[in-house]
Amino acid sequence: MEEPFLRTIKTHFNIVPFSSGYSESSIIAGISTRYGGVSLDPYDTLNLGLHVNDDSECVVENRHRLATDVGIPLERWVFAEQVHSSSIQKVTTDDCAKGSESYETGIMGVDGLYTNESNVVLSAAFADCVPLFFSSKQHSIVGIAHAGWKGSVLQIAEKMVNLWVQNECIRVEDIEVVIGPSIQSCCYEVDDRVINEVNKVVNKGEPTPYTFNHDGSYQLNLQQLNKQILIRNGISPENIRQSSHCTSCQVDDYFSHRKENGKTGRMLGFIVNCEQEGESAS
Ligand SMILES: [Zn+2]
């Protein structure tokens with residue numbers, strides 16, 4: 001499968017267009033790297049997380065730098081608290097800038113955001129957890145979710161799909177998902193505690209999203225688990241794309257919580273439906 005994340009500028013990878021069917025609007029989405037910021041070791045340099053004991057002035061400067069490179073000012077970005085839940089909130093223009101300069105003003109208690117308004121940048125912080133980017137070419141709707149192992153087994157992916165289908169009248173066949181760079185099975189060793197929870201959400205007949213190690217531990221593939229959950233909920237496999245990037249293997253490009261023993265920064269995943277010039281707000 002072709003890698004959906006391409007880098008043309010040092011601060012971030014962009015998702016190559018979700019599809020060619022987006023005519024009325026264009027989606028800008030991607031994930032930041034650790035380059036181009038002002039934070040010092042171990043947050044060097046483009047740490048975008050305000051909750052990791054980095055100097056908050058550096059983080060806000062870094063966020064402005066990313067926003068500038070993405071082309072949409074930080075005042076249009078929305079941040080979530082992220083508590084390893086499966087809670088998702090629909091946001092609007094009124095939520096713009098929440099959490100942008102202080103963690104406490106973000107959208108509390110949620111790990112997923114979606115909007116059907118243009119020029120509202122949805123963002124979420126990552127350092128190994130799986131970023132899920134949602135979109136529909138027939139509708140001006142975008143979403144982002146933070147799926148670590150907890151969010152994955154709580155099936156935040158399913159919840160986003162259900163919200164769109166039930167509350168937004170989106171047909172499931174119109175939903176596209178991109179699974180972003182995360183820690184991959186090569187580097188993600190877990191124990192029984194995690195696998196017991198994973199087993200509860202793997203249906204009969206589905207592939208096992210982990211392998212066994214000789215010492216009784218496991219190598220977990222969180223991307224595969226999320227993909228299975230999406231397919232089970234009606235998302236067409238052709239509408240799911242997946243990054244091959246491993247945040248732990250590629251620690252020069254990305255922050256990795258596991259690889260760096262918990263002392264590191266955060267990337268930001270982001271997605272926005274940009275209204276093109278000349279179009280009226282609808
Ligand atoms: Zn790896």
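Author: Zero disulfides turn up in a search of the whole structure. The model is predicted. Take Cys 274 as a test case. Its closest cysteine sulfur belongs to Cys 96, and the gap is 12 Å, which is too far for a bond. Cys 274 is also buried, because its relative accessibility is 10% and the cut-off is under 20%.

Other cysteines hold a metal. Cys 186, Cys 187, Cys 246 and Cys 249 are the protein donors of the zinc ion. Each donates through its SG atom, and the distance is 2.3 Å. What is the geometry of the site of the zinc ion? It is tetrahedral, with angles of 102 to 115 degrees among the four donor atoms. Now read the donors along the chain. Their spacing is C-C-x58-C-x2-C. Cys 186 sits in the loop between strand S10 (175-179) and strand S11 (189-190), while Cys 246 sits in the loop between strand S14 (240-242) and strand S15 (267-275). The pair therefore ties together parts that are 60 residues apart in sequence. Is Cys 246 buried or exposed? Cys 246 is buried, at 3% relative accessibility.

Next, follow the strands that flank these loops. S11 belongs to an open sheet of three strands. The order is S11-S13-S12, and the pairing is antiparallel. S11 and S12 are the edge strands, each pairing on one side only. S12 and S13 run antiparallel and are joined by three bridges.

Helix H4 (residues 192-200) comes next. Its buried residues are Val 194, Ile 195 and Val 198. They span an arc of only 95 degrees around the axis, so they lie on the same side of H4. What do the buried residues of H4 pack against? Their contacts include S11, strand S12 (210-212) and strand S13 (218-220). They also pack against helix H2 (149-153) and helix H5 (222-232). On the face turned away from the buried side, H4 carries the exposed residues Arg 193 and Lys 200.

S10 pairs with S8 in the antiparallel sense, over five bridges. Phe 133 stands opposite Val 178 in S10. Strand S8 (residues 130-136) has another antiparallel partner, strand S9 (residues 141-147), and seven bridges join S8 to S9. S8 and S9 form a hairpin, with four residues between them. Val 130 has Ala 147 in S9 as its bridge partner.

How many residues of S8 are buried? Seven of its seven residues are, and the strand is mostly covered. In a regular strand, side chains alternate between the two faces of the sheet. On one side of S8 are Val 130, Leu 132, Phe 134 and Ser 136. On the other are Pro 131, Phe 133 and Ser 135. Both faces are covered, and these residues are all buried.

Finally, the backbone has some points to inspect. A cis peptide bond joins Asp 41 to Pro 42, with omega about 5 degrees. Pro 42 is placed in the loop between strand S3 (25-32) and helix H1 (56-70). The peptide bond from Asp 44 to Thr 45 is cis too, with omega near -15 degrees. Thr 45 also lies in the loop between S3 and H1.

Then look at the loop between strand S4 (77-78) and strand S5 (88-90), where Gln 82 is found. Gln 82 is not a glycine, although its phi is positive, at about 65 degrees. His 84 lies in the loop between S4 and S5 as well. His 84 has a positive phi of about 55 degrees, and is not a glycine either. How do Gln 82 and His 84 stand in accessibility? Gln 82 is buried, with a relative accessible area of 16%. His 84 counts as partly exposed, at 37% relative accessibility.

How values were computed. Residues numbered from 1 in each chain as written. Predicted model: local features only at pLDDT ≥ 70, side-chain atom pairs only at ≥ 80, totals over all residues. Heavy atoms only, no water. Donors = N, O, S within 2.8 Å, 3.2 Å for Na, K, Ca; no water. Tetrahedral: all angles 85-135°; square planar, octahedral: opposite > 155°, others 65-115°. Helix = DSSP H or I, 4+ residues; strand = E, 2+ residues; numbered from the N terminus. Buried < 20%, exposed > 50% of the residue type's maximum accessible area, 1.4 Å probe, protein only. Pairing = 2+ DSSP bridges. Disulfide = S-S within 2.5 Å. Arc of directions from axis to C-beta. Contact = heavy atoms within 4.5 Å.
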